[in-house]
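Colleague: I am new to this structure. Could we go through it together, beginning with the metal sites?

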Amino acid sequence: MPNTLTWYGHATLGLQTAGYNLLIDPFFSGNPASPISAEAVNADFILITHGHGDHVGDSVAIAARTGATIISNFEICNWLKQRGVEKTHAQHLGGGFKHPFGYLKLTLALHGSSLPDGAYGGSPAGLLLTTHNGKKIYFGGDTGLFGDMRLIGEETLDLAILPIGDNFTMGPDDALRAVKLLTPKVVIPIHYNTWSLIDQNALEWAARVETETTSQAVVLTAGQPWTLA
Ligand code: NI
Ligand code: MN
């Protein structure tokens, strides 16, 4: 069974794996880059990297409609429970758990995590997923460059999904350095071109990845599924 990834603009991703629909940082309402509405997506599990509004997004409404389980850090899961989300699974940095869809570990991310109402959202996270067929996928989340990406790279990544937008996260130059630390087989850029503040030329960045690193870069079109070989 293949792993199929769909980018919905900004940092919102869908992943079909092991017969489950995963949504990562589901930001549809108010996301100018999203090709579909929050009502149009399926989810068995929702993964949230940190508390910012462009990542928590529509998770409460989607969980209410679909009955999806939300996986995030302890603080965000508590906040979601207070908002009526019935099924949550709290983890924290460095901790992994074998979910029905695969083994998911929360990793370090260099960022903030306050929730939309100002509540404390714990530490921001990246996600490291080992799929049912042994593929390792790293979602950097919103993050600046940090040297311990080298440790994450030691896991031998098939795919890394990294922000390149600059201003709030790594920009193209630091994201290129991140690729050199992570050494994934494939890298996909996200968190750019949502607003003019984070406009970047992803094709130019991908060309630099291909000439300056050993990784292959894939630039996704929002709404177009892509299969991890
Ligand atoms: Ni953020
Ligand atoms: Mn963000």
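Colleague: What spacing do the donors of the manganese ion (ligand 2) follow along the chain?

Modeller: The donors of the manganese ion (ligand 2) follow D-H-x86-D-x48-H. Donors here are N, O and S atoms within 2.8 Å of the metal (3.2 Å for Na, K and Ca), and water is not among the atoms, so sites may look incomplete. This is a predicted model, in which local features need pLDDT of at least 70 and side-chain atom pairs count only at pLDDT 80 or more, while totals for chains, interfaces and linings use all residues. Residues are numbered from 1 along each chain as its sequence is written, chains are lettered from A and ligands numbered from 1 in the order in which they are written, and side-chain values use heavy atoms, leaving out hydrogens and water.

Colleague: Which residues coordinate the manganese ion (ligand 2)?

Modeller: Asp54 (OD), His55 (NE2), Asp142 (OD) and His191 (NE2) do, at 2.1 to 2.2 Å. His55 lies in helix H1 and Asp142 in the loop between E10 and H4, so the pair ties together parts that are 87 residues apart in sequence. Helices (H or I, at least four residues) and strands (E, at least two) are DSSP runs, numbered from the N terminus.

Colleague: Are His55 and Asp142 buried or exposed?

Modeller: Both are buried, where buried means under 20% relative accessible area, exposed over 50% and partly exposed in between (1.4 Å probe, protein chains only). For Asp142 the value is 2%.

Colleague: Which ions does Asp142 bridge?

Modeller: Asp142 bridges the nickel ion (ligand 1) and the manganese ion (ligand 2), which lie 3.2 Å apart.

Colleague: And what are the protein donors of the nickel ion (ligand 1)?

Modeller: They are His50 (NE2), His52 (ND1), His111 (NE2) and Asp142 (OD), 2.2 to 2.3 Å from the nickel ion. His50 is buried, with a relative accessible area of 0%.

Colleague: Changing topic, which residues of helix H6 are buried?

Modeller: In H6 (residues 202-212), Ala202, Trp205, Ala206 and Val209 are buried. Seen down the axis of H6, these buried residues fall within an arc of 100°, so they line one face of the helix. The arc is that of the directions from the helix axis to the C-beta atoms. On the other side of H6, Leu203, Glu204 and Thr211 are exposed.

Colleague: What covers the buried residues of H6?

Modeller: The cover includes helix H5 (172-182), strand E12 (186-190) and strand E13 (216-217), with contact meaning heavy atoms within 4.5 Å.
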